[in-house]
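This briefing summarises selected computed features of the model shown below. The points are grouped by topic for reference alongside the coordinates.

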Amino acid sequence: MKKYFKQYKQALSAVLISMMVLQPISSLPSAWATEYDPEAVFDIEDEDAWLYEDEEDGNIYSRAAVATDSNAGKWGVTGFTLSAGGTAKAGESYTITGTITAADPASPSNSSWTSWASASNAASPEDAVSKANISVNSNGLFADDASLAKTLSGSGYTDLTITGTTAAELTTSQYTVTVTMFGVDEMVTITAEATSPEDPTTPEEGEITGSFDPEELILSPGQEGESTLTIHNTMASPSDAVIIEAVTYQSNDENVAVVSGHGTNKVVVTAKELAEGDDLAETTISAMLGETKIASLRVEVNNDVKVKSSEVNTDSAKPDFGNAPDDVLEDMQSEYESAVADIAGNRAVTAVAPSLDPGSGGWARYGIPAESIVYPLQTLGTISMGYYRDTDGSYKTFVEKVDFDIDLYWKSSDEDEGKKANDVKDGKFTFRIPVPSNIRQGMNYAVVKHEGKNVENSNSGYLPINKHQDGWYVQVTVSHLSPFELTFAAEQPKPSTPVFGGGSSSGGGGGSRSVSSSIPNLSGQWILDANQRWWFSLTGGGYPANAWGRINNKWYYFDEFGYMMIGWLKLADTWYFLQPAGDMVENDWVFYNNQWYFLEANGAMAANKWISYKNNWYYFNANGDMAVSTITPDGYMVDANGAWIQ
């Protein structure tokens, strides 16, 4: 007995509705099956109705899943499915896969056909692709939809593969890709990694500049010196790393000094011999980004006083094992001796001359005569050792703290022993301090204290450890010399005192917030730190933390350390969703873990409520997921598309 189903006339049980083949949220295929073979698709009372029952197998089918292309109908194609290939990344290869579903033959006369491919007499995979008439609309996911590679494979040419290169910039975290075959559209949602947060200024307003540290090198003829380039970029794209790779260095006068280090942030300057009769020569090293100069480094070469590389003395070194247990002391002693040898043989420190500027009074103010040789003498003091018990119960030892006493020494060219200079107070001295390689694993920064205070030329005294093949070191710039203490840390702290941004909640960031456009945007710039995490540096200092911040008319949330958050965020009893670019979703859908969610105009996730969207009503459960193919708690039926069946 035939059964007839009519849309909008009879409510079906959730069990039957769950069998419907429809895409959540997306609209139904525009080409519904009005051209069907009555042998394969039984007559129903209303041709526009979207459900019918197969008299032979008793199953419920969706008319929307039957291909309407005339050839596809002959070939017995009922549709196809698509699968995403994971998370898409900008500028990389990405593949979408699919499977064609072949039904029973479209009529008794072609009962020998076993698949759409045999029915169509496809002679090859290429011929099968041509007959299937495949097209793709990726909505910007792929760089060029027309050039995508499309293949059909398998014994019946039912396995679909679509491969191409994604766009260089991915501007959203989700893309809906539509694939058309046999005249039928099928959609798949692709999750993507957006390229970066939007910059608070437009590219036209942004600029890229740089600065050298130190800003000046004073070298003797034949001497080599180094300076570090820092990029100051008010745009989120390109990144500082990309800019550095494009930087080249130029010497205004290669008869004075030559330069190397292109594509890195370390410029290496080698002084040339002075012309006969000259005691002084100058040049400028320019950091170039294309034709634009973004930073300058002054280089002075003189014969007055020669600066040579640091000397390291380990004769006075001693260990400090603290209260370590007896069974770890032997390992500590071994690690201590390794650290001393490592520091003594550190060529990254002893083979490169520092930059020593005596200030306006010149070298004479420190009791150093003309034509002397000047150098820092770094005397190793106490090495404090640490230990911890590993998961297997064994002890692991490491260097926890290193003390140096660093002074300025000088000697004449015919002397072997140096003399300590007078008290050095107000010059500018940039040099390297060695770091032993057996500090605790994962430590990336040295916390450098100078006369009991953190050095002033870094972020609270946290200096990056340069792990060079000739030895590890940190580079410091100070105005005077004294004992130095080095401890080690994995991460660098943020700038001082957090500042709560406009429109944020106080007291730990609870509750919802207004999206009023009257709330001002924060002023500042995005910063990507060494941990590859974004934070926002406010104009005038500080950064938002435990707070919402409105930036370029979009809302962002920053955690207790000032880092921009992404993904689901729960504040008090309210859930929000922050895209990979950090901006909060407002009045829009989110597809997450195969469920649809809706974020309201204030960013709050809809839950236990109905939402009207584009002339349809949708219900969202307590967990926020959209109800589909069921009866809601208040007794209304929703279809597989989530819409209320009125």
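A search of the whole structure, which is a predicted model, finds 30 aromatic pairs. One of them joins W526 and F536 in an edge-to-face arrangement, with 5.3 Å from centre to centre and 75 degrees between the planes. This pair links distant parts of the chain, since W526 belongs to strand β32 (residues 524–528) and F536 to strand β33 (residues 534–538), ten residues apart.

**Aromatic pairs and cluster**

- W526 counts as buried because its relative accessibility is 4%, and the cut-off for buried is under 20%.
- F536, at 0% relative accessibility, likewise counts as buried.
- The rings of W589 and F620 form a tilted pair, because their planes stand at 45 degrees, with 5.7 Å between the ring centres.
- W589 is located in strand β38 (residues 588–592) and F620 in strand β41 (residues 616–620), so this pair ties together parts that are 31 residues apart in sequence.
- Both W589 and F620 are buried.
- W589 and F620 also belong to one aromatic cluster, together with F591, W596, F598, Y613 and Y618.

**Charges over aromatic rings**

- K419 is placed over the face of W410, at 4.8 Å from the ring centre.
- The charged end of K467 lies over the ring of W472, 4.8 Å from the centre of that ring.

**Composition, burial and surface of the chain**

- The chain contains seven helices and 43 strands.
- Of the 646 residues in the chain, 45% are buried.
- Among contacts between residues at least 6 apart in sequence, 62% join residues at least 24 apart.
- The chain exposes about 31200 Å², of which carbon and sulfur atoms supply 45%.

**Strand pairing around β17**

- Strands of a sheet pair through backbone hydrogen bonds, in either a parallel or an antiparallel sense.
- Strand β17 (residues 292–302) runs parallel to strand β11 (residues 216–219), and four bridges join the two.
- L219 has V301 in β17 as its bridge partner.
- Strand β17 also pairs with strand β16 (residues 280–289), here in the antiparallel sense and over ten bridges.
- T284 has R298 in β17 as its bridge partner.
- The hairpin of β16 and β17 has two residues between the strands, and G290 in this hairpin takes a positive phi near 70 degrees.

**The sheet β5-β8-β9**

- Strands β5, β8 and β9 form an open sheet of three strands in that order, with antiparallel pairing.
- The edge strands of this sheet are β5 (135–137) and β9 (184–191), each of which pairs on one side only.
- Neighbouring strands of the sheet are turned against each other by 20 degrees on average, with direction ignored.
- Strand β5 pairs with strand β8 (residues 174–181) over three bridges in the antiparallel sense.
- N137 has T178 in β8 as its bridge partner.

**Backbone geometry in loops**

- Most residues other than glycine have a negative phi, and most peptide bonds are trans.
- D213 and P214 are joined by a cis peptide bond, with omega about 0 degrees.
- P214 is placed in the loop between β10 (208–213) and β11.
- A572, a residue other than glycine, has a positive phi near 55 degrees.
- The loop that holds A572 runs between β36 (567–571) and β37 (574–578).
- A572 counts as exposed because its relative accessibility is 53%, and the cut-off for exposed is over 50%.
- N587 is not a glycine either, yet its phi is positive, at about 50 degrees.
- N587 is found in the loop between β37 and β38.
- At 46% relative accessibility, N587 counts as partly exposed.

Notes:
Residues are numbered from 1 along each chain as its sequence is written. This is a predicted model: local features need pLDDT of at least 70, side-chain atom pairs count only at pLDDT 80 or more; totals for chains, interfaces and linings use all residues. Side-chain values use heavy atoms; hydrogens and water are left out. Rings of Phe, Tyr and Trp (its six-membered ring) pair if their centres lie within 6.5 Å; planes under 30 degrees apart count as stacked, over 60 as edge-to-face and the rest as tilted. Buried means under 20% relative accessible area, exposed over 50%, partly exposed in between (1.4 Å probe, protein chains only). A charge sits over a ring if NZ of Lys or CZ of Arg is within 6 Å of the ring centre and within 35 degrees of the ring normal. Two strands pair if DSSP finds at least two bridges between them. Contact means heavy atoms within 4.5 Å. Accessible areas come from the Shrake-Rupley method with a 1.4 Å probe; for residues, only the protein chains shown count as cover. Axes are lines fitted to C-alpha atoms, for helices over the stretch in contact, and angles run from 0 to 180 degrees between N-to-C directions.
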